[in-house]
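Student: I have a new structure to look at. Can you walk me through it?
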Protein chains: 2
Amino acid sequence: MSAGHTADVLARAALSRLLEPSDTVGLALAALVGPADALRIATGDVSAGREISAELREHLGLQGARRDPLAEGLERWRPRRADLAPVRDLDTLGRLGGRLVVPGTEEWPSALDDLRATAPLCLWVRGRHRIPGINRLAAVVGSRDSTAYGAAVTAELASGMVTRGYGVVSGGAYGIDAQAHRAALAGSAGGPPPPTIAVLANGVDRYYPAGNEELLRAVAERGILVSEMPPGSSPTRWRFLQRNRLIAALSAVTVVVEARWRSGALNTAHHAAGLGRPVGAVPGPVHSANSAGCHRLLRDGTAVCVTDAPEIAELAGPPSAGGDADRAKESASPSRDHDGLLVPDLLVLDGLPVRASTSVDKLATVAGLSVRDVIAGLTRLELAGLAARTGEGWRRQRA
Amino acid sequence: MSAGHTADVLARAALSRLLEPSDTVGLALAALVGPADALRIATGDVSAGREISAELREHLGLQGARRDPLAEGLERWRPRRADLAPVRDLDTLGRLGGRLVVPGTEEWPSALDDLRATAPLCLWVRGRHRIPGINRLAAVVGSRDSTAYGAAVTAELASGMVTRGYGVVSGGAYGIDAQAHRAALAGSAGGPPPPTIAVLANGVDRYYPAGNEELLRAVAERGILVSEMPPGSSPTRWRFLQRNRLIAALSAVTVVVEARWRSGALNTAHHAAGLGRPVGAVPGPVHSANSAGCHRLLRDGTAVCVTDAPEIAELAGPPSAGGDADRAKESASPSRDHDGLLVPDLLVLDGLPVRASTSVDKLATVAGLSVRDVIAGLTRLELAGLAARTGEGWRRQRA
């Protein structure tokens with residue numbers, strides 16, 4: 001224990017290096033006995049471990065199985081024991097102006113608890129903003145090899161979400177992710193809330209991929225960098241996949257802008273759906289391989305079709321924000337002459353010539369209505385400015 | 001009665017001129033007393049009418065209302081009485097090689113009975129093919145002002161459906177409809193089934209719109225023209241909207257390729273959804289106003305996202321055809337090294353360098369696995385051709 005770190009913080013920092021993300025045995029152990037004792041057991045304190053083995057099996061639902069999850073875990077964790085240096089890791093983080101965010105503190109995003117057995121032990125965090133609550137975060141993710149279309153739509157959506165007071169969560173990768181972070185930073189007046197959060201599969205002291213270094217530095221400066229891996233950690237495929245669950249869990253909604261038929265972004269979408277979070281997918285041309293994954297999500301019902309920021313905000317809730325998109329579109333769409341007309345009036349309107357005049361009797365025949373209905377309809381249409389009397393009868397008028 | 005026409009056929013022909021489509025009072029009358037008596041009553045045979053008035057109110061659920069639907073109907077129908085000439089209309093149809101298709105005959109599409117109170121009394125039909133059953137018909141509809149994208153997708157979908165043995169139903173309008181008919185004709189070897197059916201809002205003796213005359217002549221020649229309106233009838237907005245219900249009712253699935261936020265094609269989609277028929281919508285660029293209606297259908301859950309003909313066929317059923325699209329895509333998509341790997345093997349694979357070699361111990365640390373798991377994983381990866389032994393240890397191999 002050192003530099004004012006509590007045993008809990010030090011243990012979580014150490015365990016985050018010992019365990020791969022979502023190591024359910026290690027996480028169950030920490031849940032059962034607390035991180036400090038879990039660390040003691042995981043690093044070979046046999047006396048404490050013996051008692052917990054049966055409890056752990058039960059916790060993991062492995063009562064009947066012949067496996068001994070703790071023994072397997074100990075074997076799995078042994079090679080890394082020598083690497084544990086939580087104080088050094090916390091110091092490294094501190095030099096970068098970062099902090100370890102742990103459960104039970106005010107900044108801990110309670111939304112992560114929805115991950116239950118795979119909730120992370122801690123978050124290594126850089127950035128001057130606090131992590132906002134789930135209601136103010138929207139994930140915008142997609143494929144690395146985005147198209148010009150995908151980039152343009154991502155920029156619109158991310159900047160639109162920032163304008164609406166949401167932080168944009170993404171994965172710091174090339175393509176859609178980078179564009180989402182970039183547009184969020186560009187669209188922000190400086191927060192709070194932070195315009196964007198990059199959730200990394202590597203330590204927050206590293207900028208990966210290298211081509212995004214400048215962008216990720218800007219996110220660290222003006223937004224937030226988050227990882228469950230300690231400083232110095234490299235990204236691996238497993239960590240990318242597990243990182244995706246954090247993006248999904250932190251955000252009120254996850255939107256996939258472009259994704260191929262198989263894409264990591266679909267993994268994020270399925271994590272979100274598994275958590276009961278709404279998922280949006282942006283449609284695109286059917287010939288674009290980069291939209292095939294989005295269309296797949298729409299087809300299988302995982303995602304809702306979203307085309308602009310108001311629709312994403314609607315998915316994110318709160319419900320009071322609902323329907324804005326529809327209303328805006330309705331009002332942007334020009335109203336038409338026949339909007340709101342009764343059927344008989346529509347029939348009369350259809351029968352009215354634009355240039356010549358016609359008689360009530362002729363209208364009755366053409367429209368298939370009684371003379372009385374035609375006269376009543378003409379009266380209503382005249383009031384609406386759609387029909388006009390002429391010397392010879394009636395003709396149509398444009399509203 | 002004349003030229004071998006039954007009283008039923010003559011009465012239905014006459015009523016189809018007297019009544020606008022979906023005139024629920026006239027249709028209820030025909031349902032209650034049969035078309036021949038309904039025609040007598042509707043044209044003013046008072047003795048027959050008096051008795052039926054109460055029954056009709058009950059049939060229409062208007063027992064408590066002060067309205068007299070029959071009296072209103074009689075007033076509405078009176079102006080057209082003088083125009084009734086069913087023998088002439090049937091002769092006109094006959095000269096065009098057409099036929100009146102009525103319920104109770106073999107060609108009557110029983111799918112139309114799903115329209116219940118608004119099922120048409122008859123269909124005026126041209127074309128040498130019989131109208132196929134619903135299982136072999138798919139509607140492809142969309143906006144008149146289609147884009148190049150919409151036209152290209154329509155052509156692919158329509159021709160793909162014809163290849164799969166479906167007839168393509170559409171409305172004969174400019175834009176998507178015309179493209180659907182055209183591609184269906186081009187993709188057909190001559191049938192049966194007929195490649196395409198145009199359901200018109202006007203009489204089948206007329207080619208509307210004028211710019212589609214050549215196309216509609218080709219449909220009459222090699223496909224089928226259908227209308228519930230008698231020869232000589234003009235299209236009106238009401239008839240267009242009602243025509244849409246026939247397109248939806250005839251077809252196992254209705255697909256909207258392009259539609260603006262407000263579009264007649266959405267009306268067809270809602271008719272189909274109201275009948276419990278599956279609806280497909282083709283996604284497009286979010287900036288395209290011509291895809292806004294499709295995205296609206298996707299968003300509100302009316303439609304399923306469809307991007308190719310196999311997906312439409314899947315919606316149309318039969319279920320045995322299901323899943324082809326997914327399977328085709330899966331097999332078209334290149335498999336990847338990590339497909340089907342266990343999690344520990346994936347962790348090992350991630351830790352294996354491609355160029356240099358590494359040791360089991362180092363792999364255990366990097367992957368966060370026990371030495372035993374690493375060895376087991378390496379053995380499996382070696383068998384899969386993904387890992388190779390070197391003089392110094394192990395390295396990755398591309399499958």
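Tutor: A definition to start with: copies are superposed by least squares on the C-alpha atoms of residues with pLDDT of at least 70 in both. Keep in mind that this is a predicted model.

Student: Okay. What rotation superposes chain B on chain A?
Tutor: A rotation of 180°, with 0.0 Å of shift along its axis. The RMSD is 0.1 Å. The two copies are thus related as by a two-fold rotation axis.

Student: Which residue of chain B comes closest to that axis?
Tutor: Gly284(B) does. Its C-alpha lies at 2.3 Å from the rotation axis.

Student: Why do the copies meet through the same surface?
Tutor: Because 100% of the interface residues of chain B are also interface residues in chain A.

Student: New topic: confidence. What is the average pLDDT of chain A?
Tutor: The average is 89, and 92% of the residues score at least 70. Over residues 319-335 of chain A, though, the pLDDT is below 50. Where pLDDT is low, the predicted coordinates should not be read in detail.

Student: What ipTM and pTM does the complex get?
Tutor: The predictor gives an ipTM of 0.76 and a pTM of 0.80.

Terms used
Residues numbered from 1 in each chain as written. Chains lettered and ligands numbered in written order. Predicted model: local features only at pLDDT ≥ 70, side-chain atom pairs only at ≥ 80, totals over all residues. Contact = placed C-beta atoms within 7 Å. pLDDT = per-residue confidence, 0-100.
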